[in-house]
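Me: Could you walk me through the pockets in this one? I'll paste it below.

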Amino acid sequence: MVMANPIGMTEPAGTVSAGALWRLLAWMSPSFPVGAFAYSSGLEWAVEAGDIRDAETLRRWLAAMLRDGGLFCDAALFAHAHRATVANDVAGLAETAELALALVPSRERFLETTTQGKAFVAAIRSAWHCAALDRLPLGPDGHVAYPIAVAVATAGHGIAREPALHAFVHALVANLISAGVRLVPLGQTDGQRVLAALEPLAAGTCARAVETPLDDIGSAAFRADIASMRHETQYTRLFRS
């Protein structure tokens, strides 16, 4: 069984040990069993509506989500949850976990984040257990948002916040690009061009997420939120959100 570092004994900011890198690569891999491939966060409706038609419109859509939408919210919630776990701030972690569930804008996005959160916790407990997971605050019916689950696990294993946050945001963006590649459709190279183009913005989002107070977290990417709502009644669907 993997033994985690004690809470509060994280690596120095910006550093990643061999063990931490191994875990991040495993947990943020598309093969990790959280079912991320089944969700598009409303991209499927955006493609049908014509908002996303090619690589450039996909890039612009994801850029808005990184700057002002759900991707930024998840990054900021991750940063707060990681910080609270390291500090053993039970009340702060509970408040962050509750806010993460309350901020979800639609039924399908709620399903997306809580299903992945539950699956992530189950997989970590089975193969990479750490004591921090035993103090993970759960909402009604045992719900936990995906960014909270990942933040608590990485903090519980002593992985520094910044590399953990960057790996998490990369996984979210890469999964949505994969959905876009299948939906538009786009070539795999186009998908990589979009991922490369979003790198500076993703780095800026992570930096801003660390500095954003909990009370200031919120989404202003209304078209993306509406897309996740419209997807609920979309006639033909490949994705669950």
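**Pockets and their linings**

Reply: α1 (18-27), α4 (70-86), α6, α7, α8 (161-183) and α11 (222-230) each give two or more residues to the lining of the largest pocket, where helices are DSSP runs of H or I with at least four residues, numbered from the N terminus. This is a predicted model, in which local features need pLDDT of at least 70 and side-chain atom pairs pLDDT 80 or more, while totals for chains, interfaces and linings use all residues. Residues are numbered from 1 along each chain as its sequence is written, and side-chain values use heavy atoms, without hydrogens and water.

Me: Which helix supplies the largest share of that lining?

Reply: α8 does, with 9 residues.

Me: And what is the class make-up there?

Reply: The lining of the largest pocket has 29 nonpolar, 11 polar and 5 charged residues; Ala, Val, Leu, Ile, Met, Phe, Trp, Tyr, Cys and Pro count as nonpolar, Asp, Glu, Lys and Arg as charged, and the others, Gly among them, as polar.

Me: Which elements give two or more residues to the lining of the second largest pocket?

Reply: They are α8, α9 (188-197) and α10 (199-211), and α8 gives the most, with 5 residues. By class, that lining has 9 nonpolar, 2 polar and 1 charged residues.

Me: Switching topic, where is P140, and is P140 buried or exposed?

Reply: P140 is in the loop between α6 (107-127) and α7 (146-156), and P140 counts as exposed because its relative accessible area is 63%, the cut-offs being under 20% for buried and over 50% for exposed, with partly exposed in between (1.4 Å probe, protein chains only).
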